[in-house]
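I opened my notebook to look up a few things in this structure.

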Amino acid sequence: MVTGLVLGKFYPLHSGHIGLIEFAQNQCDELVVLVCASDSETIAGSIRLQWLKETFIQEPKIKPILFNYSEGHLPNTSISSKSVSEIWAFEIKKILNQVDIIFSSEIYGDYLADLLHCRHLIFQPERITSKISSTQIRENPFKYWDYLAYSARPYFVKKICLYGTESTGKSTLTKKLAAHFHTDFVPEMAREIIEKTDECTEKHLVQIAELHALAIKKKLKTANKILFVDTDLNITRSYSKFLFSNQLKVQDWVEEVNQFDIYLYLDNDAPHIQDGTRLDEQQRNKLDVYHKNELTDRAINFELVSGNWHQRFEKAVSIIEDFLAFKNKE
């Protein structure tokens, strides 16, 4: 059996990496893809390993393996060097019993192949397929979005949450913003569980929080750079206090999913529209105070969006465009 090796940081996984791996798998019976993740890098090795597993889930001969290392122990350099290759070859021998072919697009592949007594097949040294570096993608993922592996894109999606009490246009504005920015959105999930607010129980709130978090995870995979989300866990917490005077308890994964880059709060100066499922206007305004107090207590900085329906849309678009322009300059 011919065993091949591709090693790299995949920091992040992009089209050039995928091209190399696809080339390599056609040249061997088993292909080990070694994810080399140092202790100074900002994206966990486990996340990068999962990107590879997801990308090549239908390819049984591809075996992604995670190798976490300390930069104090192993050199971390993008420059091909015989001395550095000697150190890495020693570590690779500890991990793999057999390597017959090394695949790379760098000269270090020659050094490693000599040290590991195997062949080196070079893949597009001029980077014809992907004339872009991982560093450039990390520094500006939106600019180089099309180079990112589909499995890696959710990590870089910016999440935007819309807050507000009942009857302030959250659902409508969430959909309009998603259409305007050519992306996906997550609707409020309360109506999937219950029809009327005054029928809600504490059990319902836990179900709503979990269903909403699952929807966020799912829609991150279809989002185009940004994802709009109608309400979040903090609003569900606020309902728990408002309706039951209790703290809402959820699992850690629900908390982790509910982290956002921008928070927009729709002011309650909008006309109250009773559709038969909502609180009355007095209760709506009381709930507004609960929501704002919850966000203040949790140090959530939000942008207040007021005015008529058109003004709210224009204000929200302006805030988001300013944010995206700032991120593109970073």
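**Cores**

I looked up the largest nonpolar core and found 81 residues in it. The residues with the most contacts inside this core are Ile21, Leu31, Leu177, Phe228, Leu264 and Ile320. I note that this is a predicted model.

I then picked isoleucine 21. Which residues is isoleucine 21 in contact with, leaving aside its neighbours within four places in sequence? I listed Val6, Phe10, Leu31, Val33, Leu52, Phe56 and Ile62. I also found a second, separate core of 19 residues, which includes Leu74, Ala89, Leu112 and Leu116. As a general point, nonpolar side chains tend to be buried together in soluble globular proteins.

**Cysteines**

How many disulfides does the structure hold? I counted zero. Cysteine 161 is in no disulfide either. Its nearest cysteine sulfur belongs to cysteine 200 and is 18 Å away.

Are these cysteines buried or exposed? Cysteine 36 has 5% relative accessibility, so it counts as buried. Cysteine 161 has 0% relative accessibility and also counts as buried.

**Strands**

I turned to strand β4, residues 101–104, and strand β5, residues 119–122. They pair in the parallel sense over four bridges. I saw serine 104 opposite isoleucine 122 in β5. Helix α4 covers residues 108–116. Together, β4, α4 and β5 make a right-handed β-α-β unit.

Note on methods. Residues numbered from 1 in each chain as written. Predicted model: local features only at pLDDT ≥ 70, side-chain atom pairs only at ≥ 80, totals over all residues. Heavy atoms only, no water. Pairing = 2+ DSSP bridges. Helix = DSSP H or I, 4+ residues; strand = E, 2+ residues; numbered from the N terminus. Right-handed = clockwise from strand over helix to strand, strands pointing away. Disulfide = S-S within 2.5 Å. Buried < 20%, exposed > 50% of the residue type's maximum accessible area, 1.4 Å probe, protein only. Core = buried A, V, L, I, M, F, W, Y, C linked by side-chain atoms within 4.5 Å. Contact = heavy atoms within 4.5 Å.
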